[in-house]
Amino acid sequence: VDVQTDAGLAFIRRNKSQPFFLYLAYYAPHVPLEATDKYLDRFPGKRPERRRTGLAMINAVDEGVGRIMKLLREEGIADNTLVMFTSDNGGWSGATDNHPLRSGKGDVFEGGIRVPLIIRWPGVTQPDSTVNDPVISMDLTATVLDAAGVKLAEKETLDGRTLRPLLQGQETKRRSL
């Protein structure tokens, strides 16, 4: 995870003077379950080793995202950068606690398919705001294109829609999927 973060930081340093797109897909907390002592030591006590390692991996991702956000601030580009954080599925049943959602990864119950989505988009999102409307990952592409000012040609279409109106409180209901 630290290697992935370091690569993301290097990319930002190389591209900070121009518009850039960075997609950083951390492998954690997927297999192989591995974490350095730096992160494992933060989770002492009696718990299954799989759980401890998973928590350490999640902590490494959290720290990595923090390092990226810190660099964006230091370089003076944080207020001109759209940051999205999401996951690919819910947590593992038995290894994580998805409460109050039912079940976990591999199931079609909400605990398996409902994922976090955090968007920081200065000038569009308000700090500490929450949107409860369901969205879908296909909306992220349309949102990134919107943020970049890309307009689709008349006959071009996307399955997703920009989240900008929803994030600005201008849209109260999403369409059915």
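The second largest pocket is lined by V1, D2, V3, Y27, E34, A35, T36, Y39, A56, M57 and A60. A pocket here is an open set of points on a 1 Å grid over the protein atoms alone, with protein on both sides within 12 Å along at least five of seven lines; lining residues have an atom within 4 Å of a point. The model is predicted: local features need pLDDT of at least 70, side-chain atom pairs count only at pLDDT 80 or more, and totals for chains, interfaces and linings use all residues. Residues are numbered from 1 along each chain as its sequence is written, and side-chain values use heavy atoms, with hydrogens and water left out.

The volume of the second largest pocket is about 160 Å³. A volume is the space filled by probe spheres set on the points, which are joined across faces, edges and corners; the probe is 1.4 Å. The largest share comes from α3, with three residues. Helices (H or I, at least four residues) and strands (E, at least two) are DSSP runs, numbered from the N terminus. By class, the lining holds eight nonpolar, one polar and two charged residues. Ala, Val, Leu, Ile, Met, Phe, Trp, Tyr, Cys and Pro count as nonpolar; Asp, Glu, Lys and Arg count as charged; the others, Gly among them, count as polar.

Helix α1 covers residues 2–15. Its 14 residues reach 20 Å from first C-alpha to last, close to the 20 Å expected at 1.5 Å a residue. The expected span is 1.5 Å times one less than the number of residues. Q4, T5, G8, L9, I12 and N15 of α1 are buried (under 20% relative accessible area; exposed is over 50%, partly exposed in between; 1.4 Å probe, protein chains only). Seen down the axis, these buried residues fall within an arc of 140 degrees, so they line one face of α1. The arc is that of the directions from the helix axis to the C-beta atoms. V3 and R14 are exposed on the face turned away from the buried side. The cover over the buried residues of α1 includes α3 (49–74), where contact means heavy atoms within 4.5 Å.

The 26 residues of α3 should span 38 Å at 1.5 Å a residue, and its end C-alpha atoms are 37 Å apart, which agrees. G76 follows α3 with a positive phi, near 75 degrees.

In α5 (residues 138–147), D139, L140, A142, T143 and D146 are buried. They cover an arc of only 165 degrees around the axis, which puts them on the same side of α5. These residues pack against β1 (83–86), β2 (117–120) and α6 (164–167). Just after α5, G149 takes a positive phi of about 80 degrees.
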